[in-house]
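Please keep the sequence and the model in view while reading.

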Amino acid sequence: MERKMLGLKLTDKISCKEIRNKTQVSDIVQYIAKQKWKWAGHVARLQDNRWTLRVTEWQPKNGKRSRGRQARRWRDDIVRTMGNTWTREAKDREEWRRGAEGCILLWMDGA
């Protein structure tokens, strides 16, 4: 779509990064990852017993998931990137924001 906006063809041999710089269109995957990161920090900093925090930390009683390829949970990307202590690390808002850029790039590579 961006090539069409600029009137380019595939045979013009212009890289996607160059095109993205010219059009200034943001990558939707990167935007979603950034919003997810911000929401995760917000949820981790909640002080009361809201359902968002309870659902994020909930573990099944028997501790097992069904057979086959495991469905990715919302927090799996965060745990994979930051480890199981991500909720403690997110308490420091400034540190959480500084770590956002690198972690978002990791998510995009692993997605």
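Helices are DSSP runs of H or I with at least four residues, numbered from the N terminus, and a residue counts as lining a pocket if it has an atom within 4 Å of a point of that pocket. The model described here is predicted. A search of the whole structure finds two aromatic pairs, and the largest pocket holds about 210 Å³ of space.

**Aromatic pairs**

- The ring centres of W37 and W96 lie 4.0 Å apart with their planes at 10°, and because planes under 30 degrees apart count as stacked, this pair is stacked.
- W37 belongs to helix α3 (residues 28-44) and W96 to helix α7 (residues 93-110), so that the pair links distant parts of the chain, 59 residues apart.
- In the pair of W86 and W96, the ring centres are 6.3 Å apart and the planes stand at 35°, so this pair is tilted.
- Since W86 lies in helix α6 (residues 86-90) and W96 in helix α7, the pair ties together parts that are ten residues apart in sequence.
- W37, W86 and W96 form one aromatic cluster; W37 is buried, as is W96, and W86 is likewise buried.

**Largest pocket**

- The lining of the largest pocket consists of K34, W37, K38, H42, R45, R93, W96, R97, A100 and E101.
- Helices α3 and α7 are the elements that each give two or more residues to this lining, and α7 gives the most, with five residues.
- Sorted by class, the lining has six charged, three nonpolar and one polar residue.

Key
Residues numbered from 1 in each chain as written. Predicted model: local features only at pLDDT ≥ 70, side-chain atom pairs only at ≥ 80, totals over all residues. Heavy atoms only, no water. Phe/Tyr/Trp six-rings, centres within 6.5 Å; stacked < 30°, edge-to-face > 60°. Buried < 20%, exposed > 50% of the residue type's maximum accessible area, 1.4 Å probe, protein only. 1 Å grid on protein atoms, 1.4 Å probe; cavity = no way out; pocket = protein on both sides within 12 Å on 5 of 7 lines; lining within 4 Å. Points joined across faces, edges and corners; volume = space filled by probe spheres on them. Nonpolar A, V, L, I, M, F, W, Y, C, P; charged D, E, K, R; others polar.
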